[in-house]
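The sequence and the model come first, and notes grouped by topic follow.

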Amino acid sequence: MAYDNLFEPVKMGSQTLKNRIIMAPLTRLRSVEPGDVPTALAGEYYSQRAAGAGLVIAEATQVSFQAKGYAGAPGLHTLDQTTAWKVIVDDVHSKGGKIVIQLWHTGLVAHKSVQPDGEAPISASAVKVSARTSLRDSDNQAIRVDTTPPRPATAEEIQQVIADFAHATKCAQQAGFDGVEVHGAHGYLLHQFWVEQTNQRDDEFGGSRENRGRLTLAVIDACVEAWDSDHIGVRVSPQGTFNSVEAGYDEDDNIWLIEQINKRDLMYLHLSEPDWAGGTPYNDGFRQRIRDAFDNTIIAAGGYTAEKAVRNVSAGYIDAVAFGRDYIANPDLAERIRQDAPLNKQHPDSFYGGGAQGYTDYPFLDQA
Ligand code: STR
């Protein structure tokens with residue numbers, strides 16, 4: 001079998017994943033508003049996929065109402081949300097799956113109409129970038145709109161963001177998740193602090209790389225404090241520009257940040273490689289630098305094929321691979337890779353918003 005090494009179990013902290021094929025966190029914008037509560041359909045969607053995957057990483061989920069940037073993205077900070085997620089997690093566990101949840105604050109990638117009191121969203125500084133977000137029309141369909149300009153977070157708001165990540169981590173633990181992934185990637189709030197383009201602060205959260213990395217590391221530390229290091233992972237997207245937030249192409253800075261993350265002895269590091277969004281692919285030299293900087297499990301995502309995953313796992317650069325769009329369209333993706341079977345056609349029109357169509361109705365191999 002060509003893809004054998006993807007089917008070897010792998011450690012994730014003190015847990016063991018049955019294989020190395022992971023469902024990437026995928027925004028689907030199907031939650032109920034107001035309240036940002038995930039639906040029962042989400043339980044079906046995730047458990048369909050969790051049965052075969054080594055791990056499911058649930059979609060990016062708000063840590064507060066202020067953290068919201070997209071209409072239809074779920075939260076995990078109220079009792080209603082926690083209760084709804086628990087049903088989903090129980091469903092996944094009953095199918096023998098594992099599931100962690102990605103937590104985010106979207107920062108400037110937001111629209112004032114989804115913010116509490118219609119206020120301007122926070123960011124590191126009042127720097128507007130040409131990002132797009134998504135609202136809902138009267139039929140609950142996703143509509144793309146330009147983001148509205150951000151305002152700089154106050155010192156108190158920064159502390160509140162840190163506390164909100166810790167609170168959401170506690171909610172995740174209560175809901176029964178197998179862990180939490182901090183979204184430090186893709187031009188969202190933590191990344192907006194890390195990047196010089198969007199961070200022009202002159203306090204201890206701006207300027208040097210120590211200062212620009214401070215929020216990401218403080219959030220990780222707060223999540224570890226709320227649960228423990230064995231259940232906290234983090235996603236970063238070094239060397240890639242997303243949501244028009246310029247990554248900054250200083251490899252040394254990015255390796256420095258990974259080294260600081262490594263000191264936290266986390267469950268995993270999740271790399272989002274630039275090429276899925278049109279960026280320059282990593283070279284092996286950079287892959288090796290990341291491997292050398294991080295001792296625990298490394299998951300990589302971004303334009304991966306099974307071939308590329310086998311290669312990078314064999315070389316020791318990564319331990320597991322996460323697939324995004326292929327997992328939207330193929331609930332049994334791992335089994336299809338094992339059998340080298342063809343993949344379903346993707347329907348991008350139903351990626352964001354809507355209901356069961358394009359969500360829970362992609363056929364399994366034995367139904368095709
Ligand atoms: C970027 C990467 C990430 O971490 C989360 C998301 C989810 C929402 C996506 C976003 C993506 C890319 C831009 C999208 C947005 C929904 C609407 C927006 C596709 C994948 C646009 O249509 C421009």
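A residue is called buried when its relative accessible area is under 20%, exposed when over 50%, and partly exposed in between, using a 1.4 Å probe and the protein chains only. Helices (H or I, at least four residues) and strands (E, at least two) are DSSP runs numbered from the N terminus. The model is predicted, with local features requiring pLDDT of at least 70 and side-chain atom pairs pLDDT 80 or more, while totals for chains, interfaces and linings use all residues. Residues are numbered from 1 along each chain as its sequence is written, and side-chain values use heavy atoms, leaving out hydrogens and water.

**Helix α8**
- In α8, which runs over residues 284-293, the buried residues are Phe-286, Arg-287, Ile-290, Arg-291 and Ala-293.
- Viewed down the axis of α8, these buried residues fall within an arc of 165 degrees (taken from the directions from the helix axis to the C-beta atoms), so they line one face of the helix.

**Helix α3**
- Helix α3 (residues 155-175) has 21 residues and spans 31 Å from its first C-alpha to its last, close to the 30 Å expected at 1.5 Å a residue, where the expected span is 1.5 Å times one less than the number of residues.
- Among the buried residues of α3 are Glu-157, Asp-164 and Phe-165.

**The ligand**
- Residues surrounding the ligand (a heavy atom within 4 Å) include Thr-27, Tyr-70, Trp-276 and Tyr-352.
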